[in-house]
Amino acid sequence: MQMQYAGILLNSALYRGITTGRTGTEALGHYVEAARKYGVIPCFLRLEDIHPTKRHCVAQVPVDGGYQRMLVPVPTVIHNRAMYKHRRSWQRLEALRRRGVHIFNGYTRFNKYDVHQLLTRDRSLLPHLPATHKASSASITKLLEEHGDVVLKPCNGSIGKGIMRLYKGSEYWMMQYRERAGERKWLNAPLLNGQLPYWMLQRMHSQAYIVQQTVPLAQYHGRPFDIRVTVQRGYGGSWGITGMFAKVAPPNSFVSNVGQGGSAIHVEEALAFNFPPYQVRLLLSRLEMLAIRIAQSLASSLVHSGPLSPLADVGLDLGVDQRGELHFIECNGRDQRYGFREAGMPEIWQETYDKPVAYASWVLHQLALKRM
């Protein structure tokens, strides 16, 4: 049987770095290794190089230890690792889907409020969802009065950018924020007369935010941590846990993202700092079950709410509080897998690349069986 192409869709900037090896946190070589295992040819694509009505496209294909741009048939199965903001890109993706191209993880950036609303439909998940509302002066005040500590997040933000925290100090309501995007230093300022500053209101006016109850996360050496759980479909199509690691916030911060100065460590180490061994084992099992349930619930909901092919690869951020209760924090449609490398887990890091290729190979096999 002739080997088929499995496409990996990249943003233009990352695609341009393939020939020079400048692919940021993406280890494209892991895709190549996985493709050998599963009998497919990986090809790396840009959306602008795929015309919805043409049978061939230009792609970077691995050859003799390097890569070569060549004309290949448009892959029947494509794993999306790109993010798109413009309607034209979504229209092109939808046109490809209509002609029979199977694009999984078509959506890679989810609106945080929409995800929360979808998950509330699953009653079994309600105990794990922090109180969450669209941010407004009224909703912020309400949650502050109810919980005493809230976080403001951009609905479409990533890696912790734009996050702010409001909490009750000894005398005033306090705000923790970064003055400029990209800075890692956090400032603390009182809210005089309990009023939100004008610049914060302006920011929320120009960009949609959610306000969310702050989860009282367990801590590691005095620093809060949450847990990244990579949940993926592999060969056979079922959801499984590829791995998890703990993300520990840097000193004097409440944001744990590795890209914002957080550190990645083995989840067992972080949990063992807070709980006895028998409870650590129980928590690991509960984290896995919760992550699978969330992935299944989102996949089911998103198939009906969007035009692109099913979800197959997500990174979930889950929290454990001091009492051992589990909380959903957010879903990442383009999981930043390098956290496993930073945590000293190279085998799991490799496996996070294996699973999407295995899933693509399985989908190709199912399509071939239908044609027989």
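Student: Which residues is A6 in contact with, leaving aside its neighbours within four places in sequence?

Tutor: This is a predicted model, in which local features need pLDDT of at least 70, side-chain atom pairs count only at pLDDT 80 or more, and totals for chains, interfaces and linings use all residues. Residues are numbered from 1 along each chain as its sequence is written, and side-chain values use heavy atoms, with hydrogens and water left out. Contact means heavy atoms within 4.5 Å. Leaving aside neighbours within four places in sequence, the residues in contact with A6 are V40, I41, P42, C43, P75, V77 and A360.

Student: Is A6 buried or exposed?

Tutor: A6 is placed in strand β1 (residues 4–9), where helices (H or I, at least four residues) and strands (E, at least two) are DSSP runs, numbered from the N terminus. Buried means under 20% relative accessible area, exposed over 50%, and partly exposed in between (1.4 Å probe, protein chains only). The relative accessible area of A6 is 5%, so A6 is buried.

Student: Which residues of helix α5 are buried, and which side of α5 do they take?

Tutor: Helix α5 spans residues 137–147, and the buried ones are S139, I140, L143 and L144. They cover an arc of only 130 degrees around the axis, which means that they are on the same side of α5; the arc is that of the directions from the helix axis to the C-beta atoms. A138 and E145 are exposed on the other side. The buried residues are therefore on the same side of α5: S139, I140, L143 and L144.

Student: Which elements do the buried residues of α5 pack against?

Tutor: The residues in question are S139, I140, L143 and L144. The elements that they pack against are β7 (132–134), β8 (149–154), β9 (164–168), β10 (173–177), α6 (198–206) and β12 (209–213).

Student: Which residue follows α5, and what is its phi?

Tutor: Most residues other than glycine have a negative phi. The residue after α5 is G148, with a positive phi near 80 degrees.

Student: Which loop holds N105, and what is its phi?

Tutor: N105 is in the loop between β6 (102–104) and α4 (112–119). N105 counts as buried because its relative accessibility is 1%. Although N105 is not a glycine, its phi is positive, at about 60 degrees.

Student: Is H221 buried or exposed?

Tutor: H221 also has a positive phi without being a glycine, at about 55 degrees. The loop between β13 (219–220) and β14 (223–233) contains H221. With a relative accessible area of 52%, H221 is therefore exposed.

Student: Which side chain meets that of D49 in a salt bridge?

Tutor: Side chains of opposite charge can pair when their charged atoms come close. A salt bridge is a side-chain nitrogen of Lys or Arg within 4 Å of a carboxyl oxygen of Asp or Glu. D49 is in the loop between β2 (40–45) and β3 (56–63) and is buried at 19%. Its partner in the salt bridge, at 2.9 Å from N to O, is R46.

Student: How many residues apart in sequence are the parts tied together by R228 and D317?

Tutor: R228 forms a salt bridge with D317, the closest N and O atoms being 2.7 Å apart. R228 lies in strand β14 and D317 in strand β17 (residues 313–320), so the pair ties together parts of the chain whose separation in residues is 89.

Student: How many salt bridges does a search of the whole structure find?

Tutor: The R46 and D49 pair is one of them, and the R228 and D317 pair is another. The total found in the whole structure is 17.

Student: Which residues do ring pairs link into a cluster?

Tutor: Rings of Phe, Tyr and Trp (its six-membered ring) pair if their centres lie within 6.5 Å; planes under 30 degrees apart count as stacked, over 60 as edge-to-face and the rest as tilted. The count comes to 10 aromatic pairs. The cluster linked by ring pairs consists of Y31, F44, Y67, W349 and Y353.

Student: Which residue lies over the face of W349?

Tutor: A charge sits over a ring if NZ of Lys or CZ of Arg is within 6 Å of the ring centre and within 35 degrees of the ring normal. R337 lies over the face of Y353, at 4.6 Å from the ring centre. Over the face of W349, at 5.3 Å from the ring centre, lies R341.
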